[in-house]
Amino acid sequence: MPTVTNAVDTSAVVARLELARRLAREAGVLTLRYFQSPDLAVDEKSDGSPVTIADKKSEELIRAGIQAGFPDDGILGEEFGHSKPKDDAGFTWIVDPIDGTRSFSRGIPSYAVLIGLEYAGRSVGGVVELPGMGERLWAHEGGGAFWQTARNETAMAARVSATPTLAEAWLEIAQPRQFRRSDRWGAFDRLVMAAGRTQGWSDADAFALVATGRVDGAIQFGVSAWDIAPFDCIMHEAGGLQSDWTGRRTLDARFVVASNGLIHQELLTILSPHAGAR
């Protein structure tokens, strides 16, 4: 078995990121054909999560593009599973064809197409396409994070906020019932009382808002690798932090907190006692 090292060829990452940006944009255009359609059917998967034809066609488009451009790379997708890279130490593309299917199916524009690049167990690049909002984010390790909006197609540097304390911070928090059902209501109560302002939106939009400095932190439940892979790199390149509730940077987290970095330890102090599986 090849020896896995942490070194990665930057040019190899950049080449993949360029393709990822194109595929995310094409997938975004595809999803808009179904968005706010009165005829859109929503099915339920075995885990109870929703899926639509747009989810499946979006992932098919992305997978086909990856296989054409980098056939030896692995792919982990929400809808069609995992194919490992031919080189055990190679790249894996982590794909969420529509993050926020519930929002998408209700005609809410905060859904996203997510593509992350994993190498040696870490996120080295990522793309976030928000088709309904005309926004996109991308980054690669050591290259900074960038942001485009519907109003400004010129790429801007994506930077987290400078809010210094939790008492002044605006947080995006997962649904209260998730805290209640998992016996973590104490964490929710402390967050609400400690933060300057809280909002209950979720999905990729919450993390995008943190990475671009529009809110100061986001706390999410029950995530999978495809929900957070691009944001792991983007958040750190934008000057923030993303970790599990114990402070560990990982793509295997089920409970995730992202912040501007300045309030991260305050958030961990509240969240870490509630980080165990329940």
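This is a predicted model: local features need pLDDT of at least 70, side-chain atom pairs count only at pLDDT 80 or more; totals for chains, interfaces and linings use all residues.

Trainee: Which residues is Ile115 in contact with, leaving aside its neighbours within four places in sequence?

Mentor: Taking contact as heavy atoms within 4.5 Å, the partners of Ile115 include Ala20, Leu23, Ala24, Ile62, Trp93, Ile94 and Pro230. As for Ala24, its C-alpha lies 7.1 Å from that of Ile115, although the two are 91 residues apart in sequence.

Trainee: What about the rest of E6, how many of its residues are buried?

Mentor: Eight of the eight residues of E6 are buried, so the strand is largely enclosed by the rest of the structure. Ala112, Leu114, Gly116 and Glu118 point one way from E6, Val113, Ile115, Leu117 and Tyr119 point the other way, and all are buried.

Trainee: Which strand does E6 join through seven bridges, with the two running antiparallel?

Mentor: Strand E7 (residues 122-130) is joined to E6 by seven bridges in that sense, and the bridge partner of Val113 in E7 is Glu129; two strands are said to pair if DSSP finds at least two bridges between them. E6 and E7 form a hairpin with two residues between them, and Ala120 in the turn has a positive phi of about 55°. Strand E5 (residues 91-99) also pairs with E6, again in the antiparallel sense and over seven bridges, with Ile94 opposite Gly116 and Asp96 partnered by Leu114.

Trainee: What is the order of the open sheet?

Mentor: The open sheet has eight strands in the order E4-E3-E5-E6-E7-E8-E9-E10, with mixed pairing. Its edge strands are E4 (81-83) and E10 (156-157), each of which pairs on one side only.

Trainee: Switching to helices, at what angle do H6 and H7 pack?

Mentor: Helix H6 (residues 203-211) and helix H7 (residues 225-237) pack at an angle of about 15°, with their axes 9 Å apart. Axes here are lines fitted to C-alpha atoms, for helices over the stretch in contact, and angles run from 0 to 180 degrees between N-to-C directions. That makes H6 roughly parallel to H7, given that angles under 35 degrees count as roughly parallel, over 145 as roughly antiparallel, 65 to 115 as roughly perpendicular and the rest as oblique.

Trainee: And which residues make that contact?

Mentor: Ala204, Phe207, Ala208, Val210 and Ala211 of H6 make the contact with Phe231, Ile234 and Met235 of H7.

Trainee: How do H5 and H8 cross?

Mentor: The axes of helix H5 (residues 185-194) and helix H8 (residues 264-271) come within 9 Å and cross at roughly 150°, and the two are therefore roughly antiparallel to each other. Ala187, Arg190, Leu191 and Ala194 in H5 meet Leu267, Thr269, Ile270 and Leu271 in H8.

Methods:
Residues are numbered from 1 along each chain as its sequence is written. Side-chain values use heavy atoms; hydrogens and water are left out. Helices (H or I, at least four residues) and strands (E, at least two) are DSSP runs, numbered from the N terminus. Buried means under 20% relative accessible area, exposed over 50%, partly exposed in between (1.4 Å probe, protein chains only).
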